[in-house]
Amino acid sequence: MSFKAKKVANKWIDGNESRLTEMSDAIWEYAELGYVEFKSAKLLADELESHGFKVERGVAGIPTAFVGIWGKGKPVIGVMGEYDALPGLSQKVSPIKEPIEVGEPGHGCGHNIHGTSGLGGAIALRYAIDETGLKGTVKFFGCPAEEMLSGKVWMVREGVFDGVDAVISHHPSSMNNAGLSSSNANNAVKFHYRGKTSHAAGSPEQGRSALDAVELMNIGVNFLREHVIQDARIHYVIEEGGGQPNVVPGYARSWYLIRAPERDQLEPIYERILKIAEGAALMTETELEVEFIKGIYNKVPSLTLSKVVTANMREIGAPTYTAEEMAFAEMVSESISEASKRTTLWKTKRPGWEDLMTVLMDGSVPDAWNDGEVSHGSTDVSDVSWMTPTMEFSTATYILGTPGHSWQNVAFSGMSIGHKSLFYASKIIASTAIDLLTKPELIKEAWEELDKRKAGRVYRSPIPADLGPPLDQWKK
Ligand SMILES: [Zn+2]
């Protein structure tokens with residue numbers, strides 16, 4: 001049964017490569033930022049409907065979040081897709097840095113592929129179930145604003161993932177692997193300071209500088225760095241610092257992102273940062289307003305699902321590339337120094353990473369090596385991973401050594417190397433889901449592993465109960 005179902009799914013994906021490419025490229029071109037992915041979400045949701053999925057749009061109070069359901073009964077297999085772009089990363093499909101329009105967004109994290117590979121996998125699975133008489137439900141989760149604004153946290157809080165037996169998701173990367181590393185928990189928060197304007201030379205004694213408060217807060221936090229755990233990360237930008245230097249700034253604002261490997265390591269650091277923020281207001285006689293943007297958890301990995309995904313990756317086989325594609329890759333590689341490639345590979349801690357120094361596109365499928373490691377970034381996939389066994393695997397979309405969130409990623413995500421990683425990922429998603437449908441013991445094992453890894457820890461939504469998603473963040 002599983003062999004036949006996988007054959008049906010793979011055939012559907014092979015036969016629909018041009019449609020999947022068209023959708024991925026359309027989302028690549030839309031390059032919409034978090035919570036304003038109106039065209040991208042509509043494209044994917046409409047496509048699901050055209051294949052008989054029942055689609056609910058605007059879930060969790062987010063206009064660009066949706067769920068597509070096909071089939072009935074247990075088990076319920078979830079597939080996630082993301083489709084938000086990153087600001088300032090506009091780039092043509094070109095092997096040299098060449099923006100389409102300077103300063104505009106681009107798909108520097110490959111979420112055009114993420115959304116479409118998930119969609120392809122979910123639809124292929126639907127046909128495999130239909131044609132072989134397998135039992136179960138496919139749920140595609142259209143997940144907006146993964147970058148910075150963490151749409152899934154609100155979807156989790158509203159119970160959108162309740163009742164799902166396992167979730168599979170794909171993310172473009174430079175390697176084919178079903179990773180086991182956790183990710184950092186984080187909080188994003190804005191600090192608004194309001195003071196009093198005055199002539200900066202004529203009557204400075206009358207002014208209360210909001211910018212001083214922002215700067216003093218930053219100084220306090222920079223001293224705090226010595227007294228937090230080594231693995232914590234604190235970043236900020238000054239979003240607004242005043243108009244011109246001859247006016248004491250009456251309003252200034254900073255945006256902080258605070259990370260730590262575990263949610264309960266993050267909380268005390270966050271509390272101390274709040275105290276520093278208040279201290280800066282006290283020193284400058286300004287008013288402070290704290291705007292909590294979002295918080296997320298660290299990821300709970302799944303060895304059970306990693307093994308199933310890895311086996312399917314090997315069975316399907318990683319893509320191969322034409323001479324033309326390799327020439328493109330070779331040209332992009334000229335923008336990445338040997339030293340930075342070495343550091344990027346070293347940081348992965350993958351056994352034998354040294355051998356990859358001479359490799360451009362990684363065609364191998366290693367066993368997951370990173371159980372117990374914490375990747376430096378954060379993702380709202382983590383919050384889903386506390387609800388149900390979750391696996392976000394990656395396929396090689398970029399050359400080895402490419403920095404994350406870069407113009408190089410935008411270029412690869414819009415061309416045939418990216419498309420090949422998409423088809424590969426869709427097949428992996430469908431085949432993994434078919435294994436879960438045909439071997440119920442895998443789902444049982446995945447849930448037992450999840451319970452063991454949670455070790456009695458309970459997920460509490462990291463966002464205040466009365467706080468809604470920051471839908472207007474990128475609205476023009
Ligand atoms: Zn991403």
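Predicted model: local features only at pLDDT ≥ 70, side-chain atom pairs only at ≥ 80, totals over all residues.
Which protein donors hold the zinc ion, and how far from it do they lie?

1. Residues are numbered from 1 along each chain as its sequence is written, and side-chain values use heavy atoms, with hydrogens and water left out.

2. The zinc ion has Cys 109 (SG), His 111 (NE2) and His 171 (NE2) as its protein donors, at 2.1 to 2.2 Å. Donors here are N, O and S atoms within 2.8 Å of the metal (3.2 Å for Na, K and Ca); water is not among the atoms, so sites may look incomplete.

3. Along the chain the donor spacing reads C-x1-H-x59-H. His 111 sits in helix α4 (residues 111-132) and His 171 in strand β5 (residues 166-173), so to speak distant parts of the chain, 60 residues apart. Helices (H or I, at least four residues) and strands (E, at least two) are DSSP runs, numbered from the N terminus.

4. Both histidines are buried: His 111 has a relative accessible area of 0%, and His 171 has 15%. Buried means under 20%, exposed over 50%, partly exposed in between (1.4 Å probe, protein chains only).

5. Strand β5 belongs to an open, mixed sheet of six strands, ordered β1-β2-β4-β3-β5-β12. Its edges are β1 (54-57) and β12 (390-396), each pairing on one side only; pairing takes at least two DSSP bridges between two strands.

6. Next to β5, strand β3 (residues 76-82) pairs with it in the parallel sense over four bridges. Met 80 has Ser 169 of β5 as its bridge partner.
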